[in-house]
Every structure is written in structure tokens, then in C-alpha cells.
There are 2 protein chains.
Amino acid sequence: MPVTIKDVAALAGVSPSTVSRTCKDHPSISRQTKEKVRQAMAKLGYEPNFQASSLATQNSRTIGIILPPSEWEAYQNAFYLEVIRGISQYCNQRQYINTVITGQNEEEILQVIKNMVRTGLAEGFIVLYSREQDPVLDYLYEEGILYVLVGKAYRNVNQTIYVDNDNVLAGKETAEYLLELGHERIAYLSGDHSLLFNNDRRMGYMLALTERGIGFLPELCVEVPSVPEKQNEVLHALLTRTDRPTAVLVSDDILAVALEKGCMELGLSIPGDVSIISFNNSLLARLTVPSLTSVDVNSCQLGTQAAAQMIEHVENPELVATKIIVPHHLVERDSCAVYKRP
Amino acid sequence: MPVTIKDVAALAGVSPSTVSRTCKDHPSISRQTKEKVRQAMAKLGYEPNFQASSLATQNSRTIGIILPPSEWEAYQNAFYLEVIRGISQYCNQRQYINTVITGQNEEEILQVIKNMVRTGLAEGFIVLYSREQDPVLDYLYEEGILYVLVGKAYRNVNQTIYVDNDNVLAGKETAEYLLELGHERIAYLSGDHSLLFNNDRRMGYMLALTERGIGFLPELCVEVPSVPEKQNEVLHALLTRTDRPTAVLVSDDILAVALEKGCMELGLSIPGDVSIISFNNSLLARLTVPSLTSVDVNSCQLGTQAAAQMIEHVENPELVATKIIVPHHLVERDSCAVYKRP
DNA sequence: CTGAAAGCGCTTACAG
DNA sequence: CTGAAAGCGCTTACAG
């Protein structure tokens with residue numbers, strides 16, 4: 001679209017400088033001049049060229065979104081889609097560009113990041129996952145590159161900006177919810193514990209039990225690192241214990257579906273025999289029968305906030321690292337019931 | 001990173017023009033000079049500035065990815081995430097930028113698009129959904145903006161570039177698969193039929209039945225426009241017919257889960273009483289028990305191809321609209337069985 | 001085969 | 001309050 005600042009200047013009878021200043025509502029331009037310029041802009045449908053202004057201001061207005069390496073299965077979780085949606089929503093309205101970065105493994109991702117940094121493309125990166133050790137985060141930190149973590153920081157906590165739920169609290173609340181219903185043998189089922197949210201939710205769960213004076217049993221804390229292909233042994237073992245848990249807290253809806261199925265196979269009814277409560281409140285939670293009581297973590301808002309923090313820090317580099325906690329809320333459905341003595 | 005073309009030129013003892021040409025491996029530069037320049041580039045870790053080269057070449061190297069309006073539920077489908085991954089993978093390696101565009105409804109999306117076009121930001125758009133009538137597509141077409149459709153074109157078929165599966169064929173093959181197993185009362189379950197893939201898969205299904213001389217029964221073609229909150233009446237009605245279908249072809253794994261659950265409720269076993277075959281081969285297909293036989297549509301490759309087409313057309317505007325068909329393949333699992341006379 | 005120069009479309013100190 | 005000018009870092013006809 002070839003209408004430039006010069007065209008507007010010519011039509012309004014002012015200099016390009018004045019047009020530029022009017023665009024940013026610079027205080028030194030008189031009201032009348034601004035009015036004149038704005039009319040010209042409207043008439044021509046002028047919009048400043050993105051590349052040119054990026055170059056002049058040395059701000060690319062572009063932020064990278066780093067997905068987990070695609071070799072992780074966790075990757076295929078609509079949670080990330082929601083976060084991306086949140087990010088892009090905010091970016092769209094603030095006229096920032098967001099670009100998704102993927103790779104088979106960390107090595108590939110790092111390659112792309114390095115390139116973007118050197119070409120001056122990205123002002124910063126939003127990392128959509130967090131775990132204890134991560135070469136990508138280490139690199140960003142060491143190079144002093146601006147980044148925002150969706151999830152909790154593990155290293156360099158005070159120097160990293162992150163946006164997260166209070167997963168410890170959420171884990172605690174869900175466990176308490178089950179306790180309120182009279183359950184005592186409550187299990188915890190999660191994916192890879194090196195992903196911090198899995199760990200945090202477990203901590204909350206442990207806290208709740210401990211506060212109630214209920215011993216925490218490691219055997220009831222089960223980890224399923226990857227999605228079970230067939231019948232999962234760990235799950236099966238858990239559900240066939242003589243002191244079978246009467247309720248299970250699951251760290252993700254996807255896993256909860258696996259658990260529901262495990263119960264079905266064994267002829268256990270939900271919530272009759274086993275209550276289930278899970279996380280993410282995805283489409284799945286509504287789909288299964290019984291539908292799942294699940295914690296909505298506001299994935300989209302995690303994204304929005306991450307983008308907001310990112311842009312805030314791009315434009316004000318002197319700002320100090322902030323931590324944002326996005327609220328969660330429990331959505332009650334049909335997978336939990338009052339515990340009845342057998 | 002402030003190492004510019006001038007720094008390289010100085011170090012190599014040539015002019016900036018020569019450095020620039022070396023970067024693009026221009027044939028007119030002598031081998032020795034190129035060598036000299038490349039060494040200087042390597043030494044300084046030089047990478048051409050993205051904004052500057054965009055401005056000079058008038059190519060922003062940025063493509064917009066248009067997600068379905070977030071008011072659609074269909075939206076929360078990991079399928080889109082996979083496509084995005086495919087797109088960004090290709091873009092990352094070709095040094096293109098992709099930016100996700102979202103909005104509550106078409107109106108909001110259009111707003112963002114118009115803005116990007118006027119600021120000269122996006123060279124083109126990849127649209128991740130296709131249905132019969134769509135204001136976004138109409139706009140892009142009418143304005144002569146470059147776009148690539150993931151899915152099939154409905155209007156302006158010959159002028160639009162699209163990347164799709166052969167959904168008619170896929171639908172036909174899945175129906176044939178069920179027919180081979182001896183099923184005759186086969187139902188088709190899908191989401192909103194105005195989404196073209198739902199429609200195409202149904203056509204394939206009808207074709208297969210017709211070829212076998214089996215009458216197509218409209219009552220067995222069921223549409224569930226939105227995800228069932230609780231027990232779904234349509235599903236229920238389908239499964240409690242006196243001439244209950246012995247197999248169901250479902251247009252998406254997510255819906256298949258709903259169907260599986262409907263069966264459970266009614267005490268119908270899968271695949272004993274009802275065989276199920278579905279589409280997308282998402283994580284879900286592996287998770288449920290029985291796991292789902294599902295058609296893998298290569299979502300990620302749909303994205304890669306779409307990006308490839310996009311970039312091809314950005315760089316060669318004279319190219320004519322291409323259609324790319326990405327192959328699919330059936331992944332057999334445990335949800336289908338040979339039909340046994342009752 | 002190589003370089004000087006103009007240009008891409010904005011921004012912003014500097015001068016008035 | 002406004003403008004002329006230099007600059008952001010590349011690209012590419014044009015000239016040699």
C-alpha cells in the first residue's frame with residue numbers, strides 16, 4: 001500500500017516531521033495542525049510503514065513465542081494453543097508481531113533464537129514451558145536477552161519475569177475439595193515432574209494432606225512420563241491396590257481421560273468408586289462422561305499477561321523483573337462425589 | 001547486536017555493496033572476494049539486519065496466520081497447534097516471520113488484517129479454516145491480497161491457493177474399511193457441516209456406501225454443531241435406534257470421545273457393539289480405551305506446505321494458484337472390529 | 001568484478 | 001510550534 005508520510009505531508013501542507021509527530025501525538029504540535037494532518041491521513045488511509053519505523057526506532061516490535069520441543073508429547077496440548085491465542089490477542093492490539101518458534105529439540109530451538117537475536121528481529125521471547133533445567137532458558141539468561149516465562153522460574157528467580165498460576169495453591173485447594181468430600185486416600189497423578197507445574201501442584205496436594213494430619217503416601221503419588229499407549233501399568237497398579245485411592249487429583253485433563261478409561265476397564269465407576277479432579281478445564285473436561293471437575297487456569301490470560309509484561313519491558317528496559325500470578329478457579333462437574341464408607 | 005554491514009566491509013577491505021552481494025551469493029562477485037568477506041562475517045558474527053533488508057527490498061518476510069474466531073469452540077483443537085507448528089517450522093528455516101492473528105469474531109479479525117495490510121506488515125495470510133461462507137476470505141479475495149487456505153476452497157476455487165487433505169477420499173476409505181469389516185449400518189457423525197472438511201468426509205462416506213449398493217440413510221448422518229455439555233440427545237437417539245448402527249465414522253477425535261462415552265453410558269461396548277473410526281489421530285486417539293482407529297491427516301505437514309506455498313508466492317508473484325493435497329493414512333487401533341451377526 | 005550513490009519510509013536531535 | 005537534515009542498515013540500478 002504505497003501511501004507514505006510524504007503524501008500525507010503534501011496533502012496537509014506540512015513537513016514529514018510534523019506528520020510523524022502527529023502520529024505519536026507529540027505535545028509540541030499545535031491542535032490545529034494535528035487536526036489538519038489527521039484529516040489528510042484519514043483521507044489517504046495512511047498508516048505508518050512498520051518496517052521503516054522499526055528501523056528508525058530500533059525496535060522490531062516482534063516477540064518470539066517458544067513452544068516446547070516437538071519431541072515432547074506434552075506438546076500436543078491445546079493449552080499451548082490457548083496461551084498463543086492470549087499472546088496474539090494482546091500483540092494484535094498493541095501492534096506487535098509475535099512469531100512462533102519451534103524445533104524438534106532444544107538444539108534446533110536455540111539455533112532459531114540465536115539467529116533472531118543476531119538479525120535484530122526479536123526484542124524478546126516468551127517461553128511457554130518451564131522445567132528445572134533448560135538449556136534454552138539458560139542461554140537467554142546468560143546472554144541477557146529479554147524473556148518472559150509462562151510458568152514458574154526455577155533458577156535466577158529474581159531476575160526472571162514470569163507469569164504463572166499459583167499452582168501450589170491450586171493443588172492444595174483441589175486436594176482440600178476432595179478432603180471436604182470425605183476422601184482420605186487421595187492419589188496424585190501427573191506427567192513429567194521436571195515440568196514445574198506438575199511439581200507445584202503436587203506440593204499443594206501434599207500440603208493439604210499434611211495440614212489435615214493425613215500421612216502422605218509416596219505410593220499414591222504416581223508419575224506417567226509419557227502418554228500411555230495401551231493399558232498403563234502404573235495406572236493399573238494404582239487402581240488395583242487393596243487400599244485403592246478413593247479419589248485422584250490429576251495434573252492435566254488429558255491424563256485424567258487416561259485415568260477415566262483405566263477405571264472403566266477395571267469396572268470402577270466414577271465418581272462412585274473413584275472421584276477425579278483435574279486441571280486445565282479443556283474441551284475434554286466437558287466431553288467425557290462423567291464430565292470432569294477441573295481447575296480452569298485461564299490459559300488465555302496467561303498468554304495475555306505474558307505479552308503485556310513483554311511489551312512493558314521492551315518499552316521500558318529499566319523495569320525490574322515482575323511476577324504475575326493469574327487466578328484459577330474450580331469448575332465443578334460430575335467426576336467427584338462424597339466419599340461413602342464401603 | 002550492533003555489527004553492521006559497514007563493520008564487515010571495513011574488516012574485509014571492501015565496500016558495503018560487496019558484502020551485501022556476498023550475502024546473497026551474487027554470481028558477479030569473485031570467489032576470492034567472497035571468501036574474504038565470509039571470513040570477516042564469521043569473525044564478527046554478522047547477520048544482516050532484518051528490518052533494514054525488509055525495508056530495502058520491500059518484502060516484510062512476514063506472514064499472518066489466521067485462527068478461527070475464538071467464539072467457535074472448534075477452536076480449542078490441538079489440530080490448529082500442529083498446523084501452526086508446521087508453519088513456523090518452515091518459516092523459521094526460511095527466515096520468515098509468522099504472526100498469529102486472533103479475534104473473538106470475524107469483525108475483529110478483519111480489523112487486524114486490514115491494519116497489517118496498510119502498515120505493509122504482512123505479505124500474505126494463511127487461513128486455518130475453511131467454510132462455505134466467510135467474510136475474511138471474501139475480503140482477502142476482493143482486495144487481491146495473497147492468501148493460502150488450509151482446507152478446501154469453496155468460492156473462487158481456481159484463484160485460491162489451498163493445502164488440504166483429500167477428505168472425500170479419506171472419508172471413503174474409512175467407510176470402506178468399515179464395510180470390509182462387514183458393517184453395513186454405518187453412521188456418520190460430524191461437527192458443523194459448513195466447515196468444509198466435515199462435508200467432504202461425509203461425501204466420501206456416502207460414495208463408499210453407494211458404491212456398495214447400500215442405501216444412504218439420512219437418519220444415520222448426524223451433526224453435533226457444538227460440543228455436548230452433558231448427555232447429547234442426538235447421540236443418544238442415534239445409539240438407541242432399533243436399527244442401531246454397528247459402526248460410526250466420526251469426523252474428529254474429540255467428537256469420537258463424546259461418542260465413546262455415549263456408548264459407555266448405554267452399556268454398549270466398543271468395538272463389540274459399535275465400531276468407531278475417526279479423524280486427526282490426536283493424542284486422544286491413543287489415550288482412550290479402547291484406543292481409536294483414526295486417520296492421521298498430517299496436520300503438521302499441512303502447515304509446512306501452506307508456509308511453503310505462501311513463501312513461494314511471495315517471492316514469485318507471477319505464480320499461478322496451486323492446490324496441494326497432503327496424504328493421510330489410517331492408524332489402526334482397537335476401536336473397530338469385524339461385524340458379527342447378533 | 002567492484003564501488004559510489006540514491007533510495008526504502010520513517011524518526012528525532014538540532015535549529016529557528 | 002515547525003522544518004531541514006542526518007540517520008536507521010540494507011539493496012541495487014548505474015557506471016566503470
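The model is predicted, so local features need pLDDT of at least 70, side-chain atom pairs count only at pLDDT 80 or more, and totals for chains, interfaces and linings use all residues. Residues are numbered from 1 along each chain as its sequence is written, chains are lettered from A and ligands numbered from 1 in the order in which they are written, and side-chain values use heavy atoms, with hydrogens and water left out.

**The annotated domain**

- UniProt, in an unreviewed entry, places the feature "domain: HTH lacI-type" at residues 3–57 of chain A. UniProt positions follow the numbering used here, feature names are shortened, and annotations may be inferred rather than shown by experiment.
- This span is 69% helix and 0% strand, and its end C-alpha atoms lie 20 Å apart. Helices (H or I, at least four residues) and strands (E, at least two) are DSSP runs, numbered from the N terminus.

**DNA strand D**

- There are 26 residues around DNA strand D, and Thr18(A), Thr33(A), Ile5(B), Ser20(B) and Arg21(B) come nearest. A residue is near a strand if one of its heavy atoms lies within 4 Å of it.
- Sugar and phosphate make up 63% of the atoms of DNA strand D that come within 4 Å of the protein.
- Arg21(A) has a polar side-chain atom 2.6 Å from a base oxygen of DNA strand D. A polar contact is a pair of N or O atoms within 3.5 Å; within protein, one must be able to donate a hydrogen and the other to accept it, and residues adjacent in sequence count only if both atoms are side-chain atoms.
- Ile5(B) uses its backbone: an N or O atom there lies 2.5 Å from a phosphate oxygen of DNA strand D.
- H4(B) has the largest share, with 4 residues.
- That surface has 10 nonpolar, 13 polar and 3 charged residues. Here Ala, Val, Leu, Ile, Met, Phe, Trp, Tyr, Cys and Pro count as nonpolar, Asp, Glu, Lys and Arg as charged, and the others, Gly among them, as polar.

**DNA strand C**

- Of the 25 residues around DNA strand C, Ile5(A), Ser20(A), Arg21(A), Thr18(B) and Thr33(B) come nearest.
- Ser17(B) places a polar side-chain atom 2.9 Å from a base nitrogen of DNA strand C.
- A polar backbone atom of Asn49(A) is 3.1 Å from a phosphate oxygen of DNA strand C.
- H4(A) gives the most to the surface near DNA strand C, with 4 residues.

**Where chain A meets chain B**

- The contact (heavy atoms within 4.5 Å) takes 61 residues from chain A and 60 residues from chain B.
- About 5900 Å² is buried between the chains, and carbon and sulfur atoms give 59% of this area. Buried area is the accessible area (1.4 Å probe) that two parts lose on being put together, summed over both.
- The rule finds 4 salt bridges across this interface. Each is a side-chain nitrogen of Lys or Arg within 4 Å of a carboxyl oxygen of Asp or Glu.
- Arg118(A) and Glu47(B) form a salt bridge at 3.6 Å, N to O.
- H5(A) gives the most to the side of chain A that touches chain B, with 9 residues.
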